[in-house]
Amino acid sequence: MKKDKMLEYIRTNNIDGILISTPKNIQYITNFECDPHERLLMYILRKDGKEFILCPELEKNSAKNSTNNIEIIGYMDTENGFEKLMKATSYLENLAVEKEHLTVKRFEIIQEVFKSNNILDCSSLIKNLRKYKSKEEIEFLQTAAKFADKCIEIAKDNLRVGITELELKAIIENEIQKFGINKMSFDTIVLFGDGAANPHGLSSSRKLKENEYVLLDLGCYYKDYASDITRCLEFGRVSEFDKSIYDIVLKANTEAIKAVKPGVTFASLDKIARDIITDAGYGQYFTHRLGHGLGMDCHEYPDVSQSCNDILEEGMVFTIEPGIYIPDKVGIRIEDDIVVTQNGYIQLTQYKK
């Protein structure tokens, strides 16, 4: 299916081939997972259907074991990978690349080595393939979400006066490894009280006090698919003001989720949540989009924002995470992972709100 769609793109645009350079996209297409660091990693699909992967020599065996019917081209650090790729694939004068990913330098080298005068941008091609999740992908995402829920439970069980944000973060990440999770979706965020007013603040040696919220934003990878959850746990008895902010954000979260179904726009979901917060008088403190796509990357297409009028379709997966951040006072965000179904939605993250 993926290859068929890519060949259709090649035929429609009358080009010689497609070059993919984003590691996660290469993994999505070929099943070969590789972090090349600063080295070259590239996949080419030629118009005749022939497939190639260029990878560091040290990854060559792994590439062969992960793929079928793909020619693997390894290169040593002392070799010119671009030239080895060109010699294997031949000149591709009309080519499509991921302009969003390639550096200017590598783009110019491709032009020179492949003698390409016509280079299209196929960045949206794989995005549009990845935005629809299969049944198996959704099962992986659901399991990843269950482990994210477990992380919140671990955090709650370890709350105590005097524990630092960094200590709690370490406990979460160490304990979840006992369940077979070896990679978090991103750097876990643990923020106490007024520190959570910085939406993406860094955990520090700040100690937990009685009667304040604990903001936890985290996720786990399961079989290469990510989860992403945010919960604000009440430690002791928080102030009436802080609780009122929480209730506004909770309403924005739940009402936006309830509106999820095929045919509505991402912009309309953002508007539902944003209007609730704005009508309560805190619109200026909701400083980010409502959410983002979720899959092999924690942040991927689509964009759940005011500027995205794309239509929700069955199989799409994304987050809904409204927030209010009042400097030096309080920060509240509540986030869930949502799958669009034929008639509505499934909420993957289940930890209570």
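Which side chain meets that of Asp187 in a salt bridge? Select Asp187 and Lys169 in this predicted model: the two side chains form a salt bridge, 2.7 Å from N to O. This pair links distant parts of the chain, with Asp187 in the loop between helix 8 (165–176) and strand 7 (189–192) and Lys169 in helix 8, 18 residues apart.

Next, select Glu300 and Arg130. A salt bridge joins them, and their closest N and O atoms are 2.7 Å apart. Here too the pair links distant parts of the chain: Glu300 lies in strand 13 (residues 300–304) and Arg130 in helix 6 (residues 123–130), 170 residues apart. Glu300 is buried, its relative accessible area being 12%; Arg130 is also buried, at 7%.

Now move to Lys353 and Asp336. The closest N and O atoms of this salt bridge are 2.8 Å apart. Lys353 sits in the segment after strand 18 (345–347), while Asp336 belongs to strand 17 (residues 336–340); the two are 17 residues apart, and the pair links distant parts of the chain. Lys353 is partly exposed at 34% relative accessibility, but Asp336 is buried at 0%.

How values were computed. Residues are numbered from 1 along each chain as its sequence is written. This is a predicted model: local features need pLDDT of at least 70, side-chain atom pairs count only at pLDDT 80 or more; totals for chains, interfaces and linings use all residues. Side-chain values use heavy atoms; hydrogens and water are left out. A salt bridge is a side-chain nitrogen of Lys or Arg within 4 Å of a carboxyl oxygen of Asp or Glu. Helices (H or I, at least four residues) and strands (E, at least two) are DSSP runs, numbered from the N terminus. Buried means under 20% relative accessible area, exposed over 50%, partly exposed in between (1.4 Å probe, protein chains only).
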